[in-house]
Amino acid sequence: MTYVYAIADRPDEPLPSQSGLHDEALAKVICRDVVAVVSAFDGWRLSKAEDELWRHEEVIEALMSDRAVLPMRFGTLLPSRQRVGDLLCEAYGALVKDIERVRGHVEIGMRFLTASEGRSEDDPSVASSCRLPPRGTRPGSVYLWAKVARDRELQDRRRAKLSLVRAAYERLASHANASRLDDERDDRQETSAAFLVSRDRIVSFREVVDEVANAHPELALLCTGPWPPYSFVNAGERATSGSDECHAA
Amino acid sequence: MQRDATLVRRQKVIHAPTDQALLDRFADPSAEVERQSPQRIVADPKSVERDLARLVLSVVELLRKLLERQAVRRVENGTLSEEEIERLGETLLKLEARMGELKATFGLGDQELTLDLGPLRDLVSGCD
């Protein structure tokens with residue numbers, strides 16, 4: 001098996017001196033002027049421990065120091081270097097477009113929480129603040145109407161939260177080259193967003209983040225970065241996930 | 001928290017709440033990676049009964065939440081009579097109580113009964 005860290009340009013550049021996961025040596029798989037950076041994956045299992053996540057990250061960040069990089073998600077595996085090469089060549093055109101799109105850019109991650117979040121359905125404040133009083137006196141009716149009331153209350157909260165988050169997100173997005181808001185899943189307490197920002201605008205973007213935080217005291221913001229542009233890779237993800245041979249660890 | 005310390009040490013924090021309690025409410029990203037990864041049942045002879053119970057109860061809990069969700073929708077749509085609401089509510093009430101007993105018997109918490117259904121997660125997320 002072959003573990004894939006990233007796809008990059010400038011295949012003639014030497015690889016970073018550091019080793020990959022499980023201290024395996026980094027290697028190149030080249031197709032024309034695009035290179036996949038890989039290491040051997042011989043039977044050991046990825047633990048998803050924090051150290052391994054950071055090792056994956058460090059390899060990609062080292063590559064980013066002198067080339068444009070399409071980072072692969074942690075746990076991207078293909079059966080062989082030959083297969084990696086085949087996929088590089090098959091997706092070559094799309095990869096080159098993606099590389100050009102992210103060149104000189106980094107990802108800034110943002111996570112949003114509102115003050116009212118963190119309360120679950122078991123929180124008495126949810127039930128007590130419901131607008132809809134339970135109907136009937138029999139236990140089954142009381143139980144089900146309480147569920148209906150709680151459901152409406154939670155939906156109202158989600159809508160209010162998303163409205164706040166979208167306002168903050170749009171302000172930030174106007175200062176980024178591209179952005180993504182992950183607001184589809186309502187099973188998580190927090191909402192996340194990613195912004196593709198030019199390296200030379202990181203400082204000014206940071207200032208905008210501070211402005212948004214000050215303008216929205218009802219939101220808690222956790223902003224991190226700069227990261228490789230994980231959320232803005234299209235072709236690389238497709239190339240590796242389009243094959244049944246790709247396995248998340 | 002250790003993960004926050006790691007982010008700070010690696011100079012990855014651009015902006016964070018100054019209130020530590022607020023900061024702690026953000027989910028651990030490595031836990032999210034773990035959650036998104038395929039889960040495997042560990043067949044440990046020492047805990048096989050509990051592990052099997054966890055698996056079975058996870059499925060039952062998912063079905064219970066789906067049923068409850070469906071019941072709530074039907075009530076909201078006004079398609080149930082008062083008698084039907086009472087009957088359905090009583091059934092769900094008893095089911096919830098029984099699940100509570102079973103969880104206590106096997107020492108299982110709600111978090112341990114979470115089934116990750118991959119892309120289907122979104123379809124059932126409203127059940128939580």
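Asn177(A) counts as partly exposed, because 16 C-beta neighbours lie inside 10 Å of this residue. Asn177(A) sits in the loop between α5 and β7 (178-182) of chain A. Setting aside the neighbours within four places in sequence, Asn177(A) is in contact with His105(A), Leu196(A), Val197(A) and Ser198(A). Leu219(A) is 42 residues away from Asn177(A) along the chain, and the C-alpha atoms of the two are separated by 24 Å.

**The two chains side by side**

Here is how the chains line up on a few overall values.

| Property | Chain A | Chain B |
|---|---|---|
| Secondary structure | seven helices and nine strands | six helices and one strand |
| Residues that count as buried | 35% of 249 residues | 10% of 128 residues |
| Contacts joining residues at least 24 apart, among those at least 6 apart in sequence | 73% | 66% |

If you walk along the sequence of chain B, the elements follow the pattern α-β-α-α-α-α-α.

**Inside chain A**

Which residues touch the most other members of the largest nonpolar core? They are Ala6(A), Ala36(A), Val37(A) and Leu88(A), in a core of 32 residues. At least two residues of this core come from each of β1 (2-8), β3 (34-40), α1 (50-64), β4, α2 (81-90) and α3 (92-102) of chain A. The largest share, six residues, is supplied by β1(A).

Leu88(A) is worth a click in your viewer. Beyond the neighbours within four places in sequence, Leu88(A) is in contact with Ile7(A), Val29(A), Cys31(A), Val34(A), Ala36(A) and Leu95(A). There is also a second, separate core of 25 residues, and its members include Ile108(A), Leu113(A), Leu219(A) and Leu221(A). Leu219(A), then, is the residue whose C-alpha atom is separated by 24 Å from that of Asn177(A).

**Where the chains meet**

Now for a helix pair that spans both chains. Two packed helices are described by the angle between their axes and the distance between the axes. For helix α5 (residues 139-173) of chain A and helix α4 (residues 48-77) of chain B, the axes come within 9 Å and cross at roughly 85 degrees. The two helices, α5(A) and α4(B), are therefore roughly perpendicular to each other. By class, their contact has five nonpolar and four charged residues, with no polar ones.

Which residues of α5(A) take part? Leu144(A), Lys147(A), Val148(A) and Asp151(A) do, and they meet Glu68(B), Ala71(B), Val72(B), Val75(B) and Glu76(B) in α4(B).

Chain A averages a pLDDT of 84, and 82% of the residues score at least 70. Which element of chain A has the highest mean pLDDT, and which the lowest? Strand β4 (residues 69-71) of chain A has the highest, at 96, while helix α4 (residues 124-128) of chain A has the lowest, at 47.

Two stretches call for some care. Over residues 118-131 of chain A, pLDDT stays under 50, and the model has 16 contacts beyond four places in sequence for them. Over residues 242-249 of chain A, pLDDT also stays under 50, and the model has 18 such contacts, beyond four places in sequence, for that stretch. Where pLDDT is low, the predicted coordinates should not be read in detail.

Methods: Residues numbered from 1 in each chain as written. Chains lettered and ligands numbered in written order. Predicted model: local features only at pLDDT ≥ 70, side-chain atom pairs only at ≥ 80, totals over all residues. Axes fitted to C-alpha atoms, helices over the stretch in contact; angles between N-to-C directions. Helix = DSSP H or I, 4+ residues; strand = E, 2+ residues; numbered from the N terminus. Parallel < 35°, antiparallel > 145°, perpendicular 65-115°, else oblique. Contact = placed C-beta atoms within 7 Å. Nonpolar A, V, L, I, M, F, W, Y, C, P; charged D, E, K, R; others polar. Buried ≥ 20, exposed ≤ 12 C-beta atoms within 10 Å, placed from the backbone. pLDDT = per-residue confidence, 0-100. Core = buried A, V, L, I, M, F, W, Y, C linked by C-beta atoms within 7 Å.
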